[in-house]
Amino acid sequence: MRNKIILLAVLAMLSLGIDAQTVTRSFRNTSMSDALRYLSTATRHYIINFAYNDLEDFKVTADVRNQSVPDAIRQIIGFYPIAMKVVKGEGQDSKGHALPDMIFVECIQKENYKLTGRVVDENGQPMEFVNVAVLSPRDSSFINGGVTTAAGDFVIPCKTTDVLVSLTSVGYRRLVRHITTAHAGVLTMRPDAYQLKTVNVKGRRKVEHEDRNVYTFSDEEVKASREAQQLIATLPGLRVDVLSGQLATLSGKPLTILVNGIEASDNDLKALQAKDIRNVDYYVVPPARYADAGTVLNIHTRAAENGYATGFDVMQGTKSGFNNTNVYAKYNHGPHQFSLDYRLELRNAANCDEQDTYTFKDGDKRATYDYSGTYHFGYAHHDFNLKYLFTHGDSLNFQAKFTPTIFTWFWNSNMDINAEGTPLWANGTQDKRQRRNSFSPSLDLYFDRKLPGGHEIMLNAVGTLFHNKQHVHNIQNDETQQTLDDDMRQHNNKYSFIGEAAYTKDWGRTQLALGYRAALAKSDYRITNILSDYKEYDYNATDDKHYAYAQLNGSIAKIGYRVSLGATYINTSNDDTHFHKLYFTPDALLSYNVKNGALRLRGKMSTITPNISNLSNNSTVTIPGLLYSGNPWLKSALDKQIGLTYSLNLPWLNMDLTADARKIDDDFSTYYQWQTIDGNRVIVGRDENCDYLLNYGFSGTLTLNPFSNDLLSIGLECGYRWQKGKSEIIGTHHHQYMPLAWTVDFRKGCWGAEYYQCIPHKQLNGSFISSAENTQNLIVYYQKKQLMVGLVCIFPFAAAKYNNSILDNDVLDQHGWNRVTSQKRTFCITLSYNLFSGKQNNDEKKLNNKDNDQGFF
């Protein structure tokens, strides 16, 4: 009886496998005919028709995972000259069942012979995507061509077997062979190498496109990297920021990371093996759907298999209050993937130094207040990500991601006050306590469907709730009395929804993209401040932003182009006023490849929207007689940019030089004016729109590898900029500055070291001149397989210091600086370990949205 039950169970499982709508199968050097014959027996919903002899020479090496039969056939066909047609079955059989669909598969190039062969690299590994051209031996005229498969195989129909076979691949020397038989055998390609000081050099491979550079990596770079983040950081202009442990640009521009189109975190990169990366699209000009991004990386990975990835990294300071912790895990089984990661960034710095000087100007009267003392600040940022991904081959993806984020922040200061020229109060002290707490759960749903004929539809919806609390308690006393007791409290619930739909059509050399994105936000405030006499009141604000675009890119002769016609509609509303406006936001790019590089000319228009909290009517007291307030009447700004970039790529040098100009109409910044509030004459600072801010000049990024390997790498980001700001409140001001940052990396065997430094420069930001952080950090590490142990020193030569001063005006002079004294020369121990099994799925999520405006005042 037991054997019968087992037999029935096996038969039931077999029947389920036969009736299944999807197929899972691994083919290894299988003839196309045998692969199709297997697929014909795997389902009763299709009948596959093909000529066995015509397709027998085409070899298939592919991993089919949970795909429909038509999608499985498309995958195994790949770049072969084979066509497939599906004809829907009509009518019913004698038993009343619907007739199955018919699939016809045939070779579309009918010739007497089929030239076959396999391409491998110098290590004998198969090479994918190698261009194979069949040429006439008489005049080298083109006869036919093809592309190698994942197994390195090619099959090219031709009329004769007396031909020249030309093989080309990025980073490899061209290989030409005279073939006189139908079987070319195994062809080995060699890297494009040269000799420098007796060192054999293999350069990173780079291909220029109109809006991006495509990079692949050498075997040495892959072997030297524990995981994908470490490998990606070797690209020009990128580094791993020691303070945060995340990828960053040398220039400080924001960085968006994608893995196969999905927006990814640094923990996602750490869960990828370096050897699983095929190539990287390095977008120097992001496409229309990433219009707000600075730099975009799209990392393409190899085929997925069942398996898991897990790991952690910790950096703990020897002084209290400095910790970065990351823990991540992924599990992939069939079409399903589950992943979880957690990131903690903790800071707690006491005994920091600060000084601020305020000079009130009222006609000929002057009153100066000097605040000097210490402050104690800290924060904890907890990021959780829980993701589920379902993939149906390459044709359908669905992902759900839940992200609860917890953020806490505090800043306590104790200052001594020296007051001059004021009859209202004398010298005294200030005790100021600031708190911020936020809990923001977010749900991100994504759907992607590829259709026959190069069509693709993408949908993305992101909902976020921000639950915020903010408290600022500012107490000041002079020698005889209390001069200030400002107790501002704000409770805010912000509801955010971002929805996006996009459609793309690919014609090969030309691509069309259409898209629409809506960002809707609503904030409900409960506020207590000085203007309400510290009585609680409600305030409501909404913020809508709609963006629609049509983008076309391709090439004409040697000129690449990308043109995007976009429109942005902004609508803000609050209890005080309403604002709405339609902006024309086009984006155009022209590119021309030159020897070892490219020229790119780009023009762009976009909008800058103020944070929703800036549009509230909240207020807080900075010092007695000086208030900061929100501005419900603040408008959005229009950003106009144009630039010309020259890129040079050599095995030992990678350089980008840019001349550009940027003008922001209606830019907003804090401006100060005298006002009368409750019968008192006070200075009020609030964000106001100026006429414009102009920024133009030169900038460049340089990566130098003197030995053309990873032994020594030097990176440099520098430039010279001119600025001009015009405002009806403070007039016209000019400024010049020179940004400069550099890094040196050394790697020998298991040992490595890196030093990074940013030379501080002062930059015009609206009505202020502010300095960049004087960052310096040094790391020395030992790496063995998946383990890395290192010693980090942050700010080894000088403590982090920040300067700011207000531009000359008739109302207020303000100069200040603060220094994180306690974290000077902080040593940290860093420990990282990861473990891999198999390869991980990565879906093709091509819409990526997130609301980062928490709503703090």
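1. Basis. This is a predicted model, in which local features need pLDDT of at least 70 and side-chain atom pairs count only at pLDDT 80 or more, while totals for chains, interfaces and linings use all residues. Residues are numbered from 1 along each chain as its sequence is written, and side-chain values use heavy atoms, with hydrogens and water left out.

2. Strand β9. Buried means under 20% relative accessible area, exposed over 50%, and partly exposed in between (1.4 Å probe, protein chains only). Strand β9 spans residues 153-158, and because 6 of its 6 residues are buried, it is largely enclosed by the rest of the structure. Helices (H or I, at least four residues) and strands (E, at least two) are DSSP runs, numbered from the N terminus.

3. Partner of β9. Strand β6 (residues 113-120) pairs with β9 in the antiparallel sense over 6 bridges; two strands pair if DSSP finds at least two bridges between them. Opposite P157 in β9 stands K114.

4. Helix α2. This helix covers residues 32-41, and its buried residues are M32, S33, A35, L36 and L39. Seen down the axis of α2, they fall within an arc of 160°, so they line one face of the helix. The arc is that of the directions from the helix axis to the C-beta atoms.

5. Aromatic pairs. The structure holds 21 aromatic pairs. Rings of Phe, Tyr and Trp (its six-membered ring) pair if their centres lie within 6.5 Å; planes under 30 degrees apart count as stacked, over 60 as edge-to-face and the rest as tilted. Y342 and F384 are a tilted pair because their ring planes stand at 35°, with centres 4.8 Å apart. This pair links distant parts of the chain, 42 residues apart: Y342 is in strand β25 (residues 336-362) and F384 in strand β26 (residues 365-392). Y342 is partly exposed at 21% relative accessible area, and F384 is partly exposed at 30%.

6. Aromatic cluster. Y375 and F377 have ring centres 6.2 Å apart and planes at 35°, so this pair is tilted. Both Y375 and F377 are buried. Together with W409 and W411, they form one aromatic cluster.

7. Charges over rings. The charged end of R25 sits over the ring of Y38, 4.2 Å from its centre. R239 lies over the face of Y756, at 3.4 Å from the ring centre. The criterion is NZ of Lys or CZ of Arg within 6 Å of the ring centre and within 35 degrees of the ring normal.
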